[in-house]
Protein chains: 2
Amino acid sequence: MTEPSRILDDHALDTLFRSARTHNAWQDRDVSDVLVHAVYDLMKWGPTSANSCPGRFLFVRTKEAKERLKPFLSESNRDKTMKAPVTAIIANDLKFYEALPKLFPHTDARSWFEGKPDAIRDTAMRNGTLQGAYLMIAARALGLDCGPMSGFDKEGVKNEFFPRDDVQVNFLCNIGHGDPAALFPRNPRFGFDEVCKIL
Amino acid sequence: MTEPSRILDDHALDTLFRSARTHNAWQDRDVSDVLVHAVYDLMKWGPTSANSCPGRFLFVRTKEAKERLKPFLSESNRDKTMKAPVTAIIANDLKFYEALPKLFPHTDARSWFEGKPDAIRDTAMRNGTLQGAYLMIAARALGLDCGPMSGFDKEGVKNEFFPRDDVQVNFLCNIGHGDPAALFPRNPRFGFDEVCKIL
């Protein structure tokens, strides 16, 4: 009843989940444009509701762009972010539904959202966040490390980086090659029976 | 500057992203308790803000439990869900912060949330959704297929399956071995330049 050929090997499971850690210090190694494109070209295939793909992604890499980000970071996130090779700003486009005739062409999915702000916010947040997770997993799959952060001024980052009002900044993620020597001890996770049930 | 030993092979990248599809029809093959536990034991390592781990997961498998779910499914999701080996209910525990002294012991993170309903909802939704994505990726990594769905009565499912008020149902995900013959043609994705920018 199993299908062993499709199960990933231990190396892959370690890289994605079991040995992967949130990094706070970074090796002095570049993340190339090619690699940033490769991360997107993987994560874009992850599922979203009605293929809505509401996530928008800025990859902040130059010193100038990092300086624009700096004032909005919480103190505990500031230094490590300034030193990270890339900081991704993960945002949601609240006008995502305008692309549905292209992304989900077999039905009129745009009409599910037009003029419905609650459905728009709910769908943008849920699916943009799923895409943020796909981005981190894709980065890890390509040998990179991640350091996601919610501690920053979301309105400030939105105003600085997204001139349009109908964009919602979701979270930040440092990306690079982490320095394993600087890792904190790993925090515990819930056991299965604490948060799961099979019915 | 690359670290080839950590990059996943093509088989893994295909299984996680490039060939993986949202499935609507299911082979008549069980998903064992052992495999459900294995999925959780992988996905639990995915990062959440302050290790908050707000996601809660019900794996609905028996005919009786499926019948409890049935009235709340949208028509287009009903038949395929009744036939799926497992349907995961992905929910957020809005009391997640009570576990922070255990999950994030080095600081008083509970006080960041206590009595702050906006911070609670925001953090629960963002991080519970990240965990929902990790669940799908972990299932794929273990050879399973997923069929995530937002089309259902969330309040109804909450009232039926979660007696506590401080739980928020997020999305559903059918899990099993998909029938590739029943797949729809794949919908397009945005190109890099349509939704990303390197600064």
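Start by selecting B:Asp14, which is partly exposed in this predicted model, with a relative accessible area of 26%.

While you're on salt bridges, pick A:Arg56, A:Asp93, A:Lys95, A:Arg164 and A:Asp166: salt bridges with shared partners link them into one network.

Next, go to helix α3 (residues 63-69) of chain A, where A:Lys63 and A:Glu67 lie 4 residues apart, or about one helical turn. Their side chains meet in a salt bridge, 3.2 Å from N to O. A:Lys63 is exposed at 59% relative accessibility, while A:Glu67 is partly exposed at 34%.

Now for a pair that joins two chains: select A:Arg6, in the segment before α1 (10-18) of chain A, and B:Asp145, in strand β3 (residues 145-149) of chain B. Their salt bridge has its closest N and O atoms 3.0 Å apart.

Finally, zoom out to both chains. A rotation of 180° with 0.0 Å of shift along its axis puts chain B on chain A, with an RMSD of 0.0 Å. The two copies are therefore related as by a two-fold rotation axis. Over all chains, the structure holds 28 salt bridges, and the predictor gives the complex an ipTM of 0.97.

Note on methods
Residues are numbered from 1 along each chain as its sequence is written. Chains are lettered from A and ligands numbered from 1 in the order in which they are written. This is a predicted model: local features need pLDDT of at least 70, side-chain atom pairs count only at pLDDT 80 or more; totals for chains, interfaces and linings use all residues. Side-chain values use heavy atoms; hydrogens and water are left out. Copies are superposed by least squares on the C-alpha atoms of residues with pLDDT of at least 70 in both. A salt bridge is a side-chain nitrogen of Lys or Arg within 4 Å of a carboxyl oxygen of Asp or Glu. Buried means under 20% relative accessible area, exposed over 50%, partly exposed in between (1.4 Å probe, protein chains only).
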